[in-house]
Amino acid sequence: MSRIPATFQRLQAQRRKALIPYLTAGFPQADCTPALMHALVQGGADIIELGVPFSDPMADGPVIQQAGERALRAGVGLAQVLAMVRAFRAHDPHTPVVLMGYANPVERYQIKHGAGAFARDAAAAGVDGVLIVDYPPEECQDFAAALKAQGLDLIFLLAPTSSEARMAEVGRVASGYVYYVSLKGVTGAGHLDTAAVEAMLPRIRRHVHIPVGVGFGIRDAASACAVGRSADAVVIGTRLIQLLDAAAPGQAEAVARAFMAELRLALDGMEGNRG
């Protein structure tokens, strides 16, 4: 079993919401990621989604696209991302890490290293879960079995346009948590409609019996709390990438830590949570 279920169980017992930052591996510099991951945890992150840079990220808006392009130009691929997780895990055996990315890098890795190599090597590096944006639940039985054999969770996206049938299929296959995309569009686009999110989550929970995280469109403490009132987890990516991009030289870790602390304080202070 991965570290993800135990993390949600602990948070539920503490009446707290999970805070899940998304970080593009290798951004803003190729060698900064393990230190940034530690800074996020120090600020209050419960789970880290680590983006695998990819040249055609269909779900990502311009901010995360540009972060991925810079990481790719710096030579960061899937093998380097796994090395970053190993470096992080050397000093943090507890915080779950989820790789988020696309099918092409995974399939290229397996062509080079052999069938099942990705799941094997990800587990050995200390990865807990995998979210592959373009692997639909109906077409990834072998991949799901390989991950399960290594104790890794397979996380799926649901969107405002997801049908009841798709929710049911995701509920059947997913483990760890399900990521609900709060907006129609790419990351960082549009404005968060919290009323629509609150209306959608009960529909999802009729089919999905694991925690539900919500992301896309969350930018600050207010929007995090608005989502946290109904979701089990709050996922924030684009705003974090923007802050890291704007950070003064040598200040990225401090910026990441402070941003997480601001969100953590707000989420823990919500009515119904611990004060």
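**Figure 1. Contacts of Leu50 in the predicted model.** In this predicted model, Leu50 touches Leu23, Ala25, Thr33, Met37, Val81, Val85, Val97, Val98, Leu99 and Met100, leaving aside residues up to four places away in sequence. Leu50 belongs to the largest nonpolar core, which has 102 residues. Together with Leu99, Phe118, Phe143, Tyr180 and Ile204, Leu50 is among the members that touch the most other members of this core. Helix 12 (residues 252-268) gives the largest share of the core, seven residues. In soluble globular proteins, nonpolar side chains tend to be buried together.

Figure 2. Five aromatic pairs are counted in the model. In one of them, the ring centres of Phe118 and Phe143 lie 6.0 Å apart and the ring planes meet at 20 degrees; the pair is therefore stacked, as the planes are under 30 degrees apart. Phe118 lies in helix 6 (residues 117-125) and Phe143 in helix 7 (residues 141-149), so that the pair links distant parts of the chain, 25 residues apart. Phe143 also pairs with Tyr135: the centres are 4.9 Å apart and the planes stand at 65 degrees, so this pair is edge-to-face. Phe118 and Phe143 are both buried. The relative accessible area is 10% for Phe143 and 15% for Tyr135, which is buried as well.

Figure 3. The buried residues of helix 6 are Ala117, Phe118, Ala119, Asp121, Ala122 and Ala125. The elements that cover these residues include helix 4 (78-89), strand 3 (97-101), helix 5 (103-113), strand 4 (129-132) and helix 7. An α-helix has 3.6 residues a turn, so residues three or four places apart point the same way. Gly126 follows helix 6 and has a positive phi, near 110 degrees.

Figure 4. Nine strands form an open sheet in the order 5-4-3-2-1-9-8-7-6, with parallel pairing. The edges are held by strand 5 (153-154) and strand 6 (157-158); each has a single partner strand, so one side of each is left without a neighbour in the sheet. Strands of a sheet pair through backbone hydrogen bonds, either parallel or antiparallel.

Figure 5. Strand 6 and strand 7 run parallel and are joined by two bridges. Leu158 has Tyr180 of strand 7 as its bridge partner. Between strand 6 and strand 7 the chain passes through helix 8 (residues 164-173), making a right-handed β-α-β crossover. With strand 8 (residues 212-215), strand 7 (residues 178-181) pairs in the parallel sense over four bridges. Here Val178 stands opposite Val212, and Tyr180 stands opposite Val214. Val178 and Tyr180 point one way from strand 7, whereas Tyr179 and Val181 point the other way; all are buried. Tyr180 is also one of the residues that touch the most other members of the largest nonpolar core.

Note on methods
Residues numbered from 1 in each chain as written. Predicted model: local features only at pLDDT ≥ 70, side-chain atom pairs only at ≥ 80, totals over all residues. Heavy atoms only, no water. Pairing = 2+ DSSP bridges. Phe/Tyr/Trp six-rings, centres within 6.5 Å; stacked < 30°, edge-to-face > 60°. Buried < 20%, exposed > 50% of the residue type's maximum accessible area, 1.4 Å probe, protein only. Right-handed = clockwise from strand over helix to strand, strands pointing away. Contact = heavy atoms within 4.5 Å. Core = buried A, V, L, I, M, F, W, Y, C linked by side-chain atoms within 4.5 Å.
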